Amino acid sequence: MTALPSSERSLFAEKLGLFLLLAPAVLWLGVLVILPHVEIAVLSFSERIAPRVYAFGFGNYLEFLGEPIYWRTFARTAFLSILVTLITLVISFPVALYIAKFASGKSKPLLFLMCLIPFWASELVRTLGWMMMLRETGVLSFLLQKAGLASGPVEMLYNDASVVLGLVYGGMLFMIVPLTNALESLETAQIEAGYDLGGSHLTVLRRIIIPHAMPGIVAGSIVVFMLTVGNFVTPVMLGGKNGLWFTEQIYSQFITRFNWPQGSAFGFMLLLLSTVIVWLGLRLTGQGFAETLRKA
Amino acid sequence: MTLVGNGVRGDFMSDSADLALLSVVKEFGAHRAVDSVTFDVAPGEFFSILGPSGCGKTTLMRMIAGFEHPTSGDIRIRGKSMLAVPANKRPVNMVFQSLALFPMMSVGENVGYGLACAGVDKIEAGQRITRILDRVGLAGFEDRPVTKLSGGQRQRVAIARCLVLEPTLVLLDEPLGALDLKLREHMKLELKQLQAAFNTTFLYITHDQSEALVMSDRVAVMNKGRFEQVGSPRELYHNPLTSFVAGFVGDANVWNGSTFGAQATGLGIKLSTGAALVGAGSGSGAVSAYLRPEAIALAAVPGELSSLPNRFAGTVSTVLFDGAASTLVIKAEGFPHLRATLPQAGPLAGIMAGAPIGFGFAPEALKIFPA
């Protein structure tokens with residue numbers, strides 16, 4: 001056995017050390033993120049030309065473009081997800097502002113807890129809760145009849161509004177947390193200075209509070225958008241047949257139709273959609289990706 | 001400049017004053033933060049409120065700015081009551097303790113913020129921003145981010161941001177607190193010069209007596225929510241009306257004792273440590289006596305101080321050399337603790353610990369207050 005020269009040996013040891021340090025991250029990235037996506041990418045480009053015979057081709061993507069139900073569902077998912085993100089932002093902003101700047105020391109953690117409590121139950125249970133509220137024989141319908149505002153049972157499930165409602169509810173926590181973090185670092189004196197120099201509520205909000213909260217707004221919006229676009233349970237349960245969420249299309253291709261290549265192509269389209277919209281959002285608000293991640 | 005008509009008939013003093021407070025009280029629960037404060041500030045005056053932290057001075061200022069509402073009393077600016085006027089509509093602008101510059105805006109945008117709020121058109125606003133930055137010595141700084149400025153420059157932006165709006169009154173809440181000592185000394189002079197140049201009324205709040213004494217035309221000393229005394233810096237320093245003012249403004253030797261009756265030259269007191277002194281003041285029974293270190297005359301032998309009714313002999317226990325502010329700690333029979341300013345130009349400049357020394361002071365220099 002010939003010994004390596006000592007300098008080479010220490011270099012080797014250094015490299016090994018680095019490799020071992022990086023191994024968990026590399027494994028996680030490789031096995032759980034990159035590998036499945038490569039697999040899906042490869043699958044999405046394979047067309048079935050005969051039973052059990054596949055060839056490379058763009059057929060799955062052409063199928064997506066050619067079938068209106070597919071790309072309409074896709075566009076609808078994109079549009080509703082953006083809408084859900086905006087509504088979540090508008091509802092969460094005052095809540096976060098209150099928690100960050102107006103709530104006293106004692107009530108602050110309590111308010112945070114109240115936002116968190118619904119998330120102790122699974123999404124399925126939370127959504128079932130909404131179904132009990134909204135269905136024809138549900139709580140709201142019953143109350144409306146009792147109050148004399150409705151003559152018969154009212155069905156409030158299985159429409160776009162109920163889907164949006166459920167998704168907004170599910171996204172709020174993920175918007176409130178980064179917003180509260182961003183707003184907490186806003187010095188109260190700056191808000192006061194904004195008023196002192198003659199600013200109205202709107203001016204102070206527009207020129208001082210919102211610019212300061214921007215990293216939180218972008219971070220929250222990205223998280224809520226991604227969670228919404230990829231949601232499955234809420235649109236299916238609250239939207240029923242009218243839910244038409246793109247994840248359902250993926251599910252049905254993989255599980256019902258057993259058409260994995262088509263499902264993979266859909267999955268890739270969804271990934272593309274998320275990426276493009278997040279990128280657009282960052283560009284429009286002038287925020288850096290790294291900066292946003294740091295604040296989130 | 002806006003001229004407020006004098007048709008509003010208020011209190012006698014409110015009309016000529018830029019700011020008038022009438023029996024203002026502010027209570028937080030059972031705690032009375034501001035207790036029946038009345039004062040007025042004349043146009044162009046530099047008025048300071050000096051007090052220890054927690055004395056209510058910040059609450060008072062926040063009420064004038066409009067961030068707090070008085071429990072009772074009235075706040076008037078040029079004779080008009082401000083109680084129903086929200087903070088953003090008052091002709092008052094504030095320089096915050098932290099300055100509270102808007103970090104996401106440039107210097108020009110910070111200064112222009114108030115103008116934009118007031119609806120001044122862009123061209124005029126631009127000219128006014130340029131003019132004010134020029135006057136505070138920041139010409140050409142419009143596009144600099146405020147985060148890239150030095151402490152003194154940030155200070156000037158904060159002041160320019162207020163002055164550009166031509167307010168009746170500028171409130172300053174310890175704006176020099178965050179600066180280092182050298183810069184603070186420099187900014188004191190600069191603030192005073194700015195105030196004189198703009199001839200705007202300044203209301204300044206501080207716990208630093210040197211800031212208040214150097215810059216102000218008049219100073220109010222505040223303690224436990226009340227004004228102890230309002231007067232010129234000289235008046236406060238030389239003729240304090242209360243024990244608190246005597247102790248808080250300037251440096252002093254503080255002694256406890258009791259009176260033993262009027263003497264030919266003043267009120268006779270006997271310190272709890274034994275020395276018998278003659279001072280100025282009132283009271284009988286237990287008293288506190290205040291004596292400024294620089295009011296003590298020093299001599300190598302007590303005989304040289306024959307004109308002073310209070311003269312004693314002692315020894316130097318420590319020399320605290322601090323340039324012009326050097327002091328001697330003197331040990332003398334009947335005195336607990338005595339500090340005297342040591343003039344560095346006199347014959348005693350080279351005195352060492354252990355040397356015998358004579359000291360004395362005029363009766364009017366020893367201020368006596370009921371304890």
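The model is predicted, so local features need pLDDT of at least 70 and side-chain atom pairs pLDDT 80 or more, while totals for chains, interfaces and linings use all residues. Residues are numbered from 1 along each chain as its sequence is written, chains are lettered from A in the order in which they are written, and side-chain values use heavy atoms, without hydrogens and water.

Eight residues of domain 1 contact five of domain 2 (heavy atoms within 4.5 Å). The two domains bury about 590 Å² between them, 43% of it on carbon and sulfur atoms. Buried area is the accessible area (1.4 Å probe) lost on putting two parts together, summed over both. In domain 1, Tyr237(B), Pro240(B) and Ser243(B) lose the most area to domain 2, together 76% of what that side buries.

Between the chains, 24 residues of chain B meet 17 residues of chain A. About 1700 Å² is buried there, and carbon and sulfur atoms give 58%. On the chain B side, Asn88(B), Met104(B) and Tyr113(B) lose the most area to chain A, together 33% of what that side buries. One salt bridge crosses this interface. Glu192(A) pairs with Arg62(B) in a salt bridge, with the closest N and O atoms 2.6 Å apart.

How values were computed. A salt bridge is a side-chain nitrogen of Lys or Arg within 4 Å of a carboxyl oxygen of Asp or Glu.
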